[in-house]
Amino acid sequence: MAERFHFVSVLFLLSLSASLVLCRNLAPRSTGSAPTTATFDVSASLGQALRALSFDPHQAIDQEMKSFHGRSGAAASSGLTLELHSRDFLPTAAQARHTDYRALTLARLHRDSARVKSIAARVALAAHGVKRSDLKPLAEEKELAASERAIKGPIVSGTSQGSGEYFSRVGIGNPAKPFYMVLDTGSDVTWVQCQPCTDCYQQSDPVFDPSASSSYSLLPCDSPRCRALDISACRNSSAAAAAGGGSSCLYQVSYGDGSYTVGDFATEMVTLGDSAPVSNVAIGCGHDNEGLFVGAAGLLALGGGPISFPSQISARTFSYCLVDRDSPASSTLEFGGASASAVAAPLLRNRKLDTFYYVELSGISVGGELLSIPPSAFAMDESGSGGVIVDSGTAVTRLQAEAYEALRDAFRRGTSGLPAAAGVSLFDSCYDLSSRTSVEVPTVAFHFPEGRDLRLPAKNYLIPVDGTGTYCLAFAPTKAPLSIIGNVQQQGTRVSFDLDNSVVGFTPKNC
């Protein structure tokens, strides 16, 4: 009897010990000597937001045109570098610009929601076994007409680039013509609107005319780069016949928000900044394009797929730094010339989908306390579902509900002394700071393996949503398994991708 009592007592003590360990692991933990609060300059933030509304981008376009032509013939640098600008400073028609900051915010969040849904749909398709060979081009479903409109259709084969938030000046063709191109780490197909235009949206620059370029060449339908497209079709053309080939390649990229681009898949010369032109780059020459692309002429694809721009130029490292989206200043996108990063995190790849750049996130802290978030909230499973990607085109960081609620609740506890305001769109934690010039808010940091952490500036998670002093916590929940680190949280930080060493680097204040 005594032995049985002793055995039961041991089991009880082991159970109690395990419970205590579990509670200790799930309880918020201090991150050591990290600061617990940050000073947020309300006046500076609101002033910059209001100046963004009055900025005249048409003055900037003239200067950039002179700068671009002044660089032609410049000596090649050791790497490729070009300037980046926030989307809202792209020269467009006057009627397209917002005069009210709340309207601008709602437009941004509308674009952002469309993009996030499209990314989630793309990953879900890949995780559940949908392959490129399962995606039928419409050319198999109906007779292919002479026009590229023959392969127009609602096929989901990419992300919602309509919400691309940063752009740069890129030279296309020979002689090079400068165009504003959206930059996107969530896309693999680079494309530009082309003459003749069956249906083109309004852009800031004249539409590219391939007949005026000596380096433009259609890709054959049986070429490896044509076969690498998610959606493609073939068409007999006089240009392909003259080049000694059979049928030429047609491409189509459709996006979750209804945007799409359809046209010829060709090779062309591309010029970035002061660098020497890069020849034989496969790009889409879109004759039928619709969507929320604003005034940009097309898109420079920075994804991890085989026909993305970095892959085509064999760039094993590249980096970008995103300026504040309310700032008319510029920063840079750089290929090659990798340098040490302040924070290095493991770069992961999804074996089902090679477009996106996944990062191994181990935790998040608020106010110096590590949140009680299970590792499964950030993990990618064997099917390719879940995980965390770093995306240049998504604005607001998305977290699974459990992770988001832990962050939100901790932040609310640390801001209980601030006057609350009603939620705005996807934001549910907002504050009326109209009477404040600065406030103290809890710190927020991302944590990566081996004790590395990225502490965010307060302006990267508390953002204005109107012109009167309403600010909101710039994180949002998602029902999808995938989490996304968005560009609001990346602002002012150089983000680098070292593909050979599988590292994502973060270096604050290095634009």
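Strands and helices are runs assigned by DSSP and numbered from the N terminus, a helix (H or I) having at least four residues and a strand (E) at least two. The views show a predicted model, in which local features need pLDDT of at least 70 and side-chain atom pairs count only at pLDDT 80 or more, while totals for chains, interfaces and linings use all residues. Residues are numbered from 1 along each chain as its sequence is written, and side-chain values use heavy atoms, with hydrogens and water left out.

**View A. The two annotated aspartates, Asp184 and Asp391.** An unreviewed UniProt entry places the feature "active site" at Asp184 and Asp391; UniProt positions follow the numbering used here, feature names are shortened, and annotations may be inferred rather than shown by experiment. Although these residues are spread over 208 residues of sequence, they cluster in space, with a largest C-alpha distance of 7.8 Å. Asp184 belongs to strand 5 (residues 177–184), whereas Asp391 is found in the loop between strand 19 and strand 20 (397–400). Asp184 counts as buried because its relative accessible area is 0%, buried meaning under 20%, exposed over 50% and partly exposed in between (1.4 Å probe, protein chains only). Asp391 is likewise buried, with a relative accessible area of 0%.

**View B. Arg115 and the surroundings of Asp391.** The side chain of Arg115 makes a polar contact of 2.5 Å with that of Asp184 and one of 2.8 Å with that of Asp391. A polar contact is a pair of N or O atoms within 3.5 Å, of which, within protein, one must be able to donate a hydrogen and the other to accept it, and residues adjacent in sequence count only if both atoms are side-chain atoms. Leaving aside neighbours within four places in sequence, the residues in contact with Asp391 (heavy atoms within 4.5 Å) include Arg115, Asp184, Tyr320, Asn487 and Gln490.

**View C. Met380 in its loop.** Met380 is located in the loop between strand 18 (369–370) and strand 19 (388–390), and is partly exposed, with a relative accessible area of 27%. Apart from residues up to four places away in sequence, Met380 touches Arg349, Asn350, Tyr358, Ser385, Gly386 and Gly387. Met380 and Ser483, 103 residues apart in sequence, have their C-alpha atoms 9.9 Å apart in space.

**View D. Helix 8 and its buried residues.** Helix 8 (residues 401–414) has 14 residues and reaches 20 Å from its first C-alpha to its last, close to the 20 Å expected at 1.5 Å a residue, the expected span being 1.5 Å times one less than the number of residues. Its buried residues are Ala403, Tyr404, Ala406, Leu407, Arg408, Ala410 and Phe411.
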